[in-house]
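Hi everyone, thanks for coming.

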Amino acid sequence: MGRSLARVRQCEHWEHSAVTEAAIQRWTTSDGVELVFHELGEGRPVILFHGLFSDAQMNWIKFGHAERIATEGFRVIMPDLRAHGLSGKPHDPANYPQLVL
């Protein structure tokens, strides 16, 4: 199958496919807050950061952006920043120092 035909089939797949489940990874920061990142695909890593008042699910997974990038042979890493998505949402202001996302 030619490369252009394969790309057309991939595009058709993107338009009609269900949202792909990204693997969820967790780790605990030095100040005890649990943070999450979503991971999809294999290959060279690409990190996608979500915007303010959003999360990886809404920005990158729900509408297929991460799936498209992963299909091109990349490992897509999408953190949920502190107080967003599945990451910890501590209420103590001390958990939000100036130099910490």
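Let me begin with a definition: two strands pair if DSSP finds at least two bridges between them. Helices (H or I, at least four residues) and strands (E, at least two) are DSSP runs, numbered from the N terminus. With that in hand, here is the sheet: it is open, has 4 strands in the order β1-β2-β4-β3, and its pairing is mixed. Its edge strands are β1 and β3, each of which pairs on one side only. Neighbouring strands in this sheet are turned by 30° against each other on average, direction ignored. For that angle, axes are lines fitted to C-alpha atoms, for helices over the stretch in contact, and angles run from 0 to 180 degrees between N-to-C directions.

A word on where this comes from. What you see is a predicted model, in which local features need pLDDT of at least 70 and side-chain atom pairs count only at pLDDT 80 or more, while totals for chains, interfaces and linings use all residues. Residues are numbered from 1 along each chain as its sequence is written, and side-chain values use heavy atoms, with hydrogens and water left out.

Now the overview. The protein has 3 helices and 4 strands, and from the N terminus on they run α-β-β-β-α-α-β. Of its 101 residues, 30% count as buried. Buried means under 20% relative accessible area, exposed means over 50%, and partly exposed is in between (1.4 Å probe, protein chains only). Among contacts with a separation of 6 or more, 61% come from residues 24 or more positions apart; a contact means heavy atoms within 4.5 Å.

Let's zoom in on the hairpin. Strand β1, residues 23–28, and strand β2, residues 34–40, pair in the antiparallel sense over 6 bridges. There are 5 residues between these two strands, and in the turn G32 has a positive phi of about 90°. If you follow the pairing, you'll find I24 opposite H38, and R26 has V36 as its bridge partner.

R26 is partly exposed because its relative accessible area is 48%, and E34 is partly exposed because its value is 36%.

Another pairs R82 with D31, with 2.9 Å between the closest N and O atoms. This pair links distant parts of the chain: R82 sits in the segment after β4 and D31 in the loop between β1 and β2, 51 residues apart. R82 counts as buried because its relative accessibility is 7%, while D31, at 34%, is partly exposed.

Then there is R75 with E39, at 2.4 Å from N to O. Here strand β4 supplies R75 and strand β2 supplies E39, 36 residues apart. R75 is partly exposed, at 30%, whereas E39 is buried, at 17%.

Next, the inside. Which residues make up the largest nonpolar core? There are 9: A22, L40, L48, A56, I61, A66, A70, V76 and M78. α2, α3 (65–71) and β4 each give two or more residues to this core. By nonpolar core I mean a set of buried Ala, Val, Leu, Ile, Met, Phe, Trp, Tyr and Cys residues joined through side-chain atoms within 4.5 Å. Take A66: leaving aside residues up to four places away in sequence, A66 touches L40, W60, V76 and M78.

Last stop, the backbone. Most residues other than glycine have a negative phi, and most peptide bonds are trans. F53, which is not a glycine, has a positive phi near 65°. You'll find F53 in the loop between β3 (44–47) and α2 (56–61). Is F53 buried or exposed? F53 counts as exposed because its relative accessibility is 76%. A83 is not a glycine either, and has a positive phi of about 75°. A83 lies in the segment after β4 (74–80) and, at 29%, is partly exposed.

Methods: A salt bridge is a side-chain nitrogen of Lys or Arg within 4 Å of a carboxyl oxygen of Asp or Glu.
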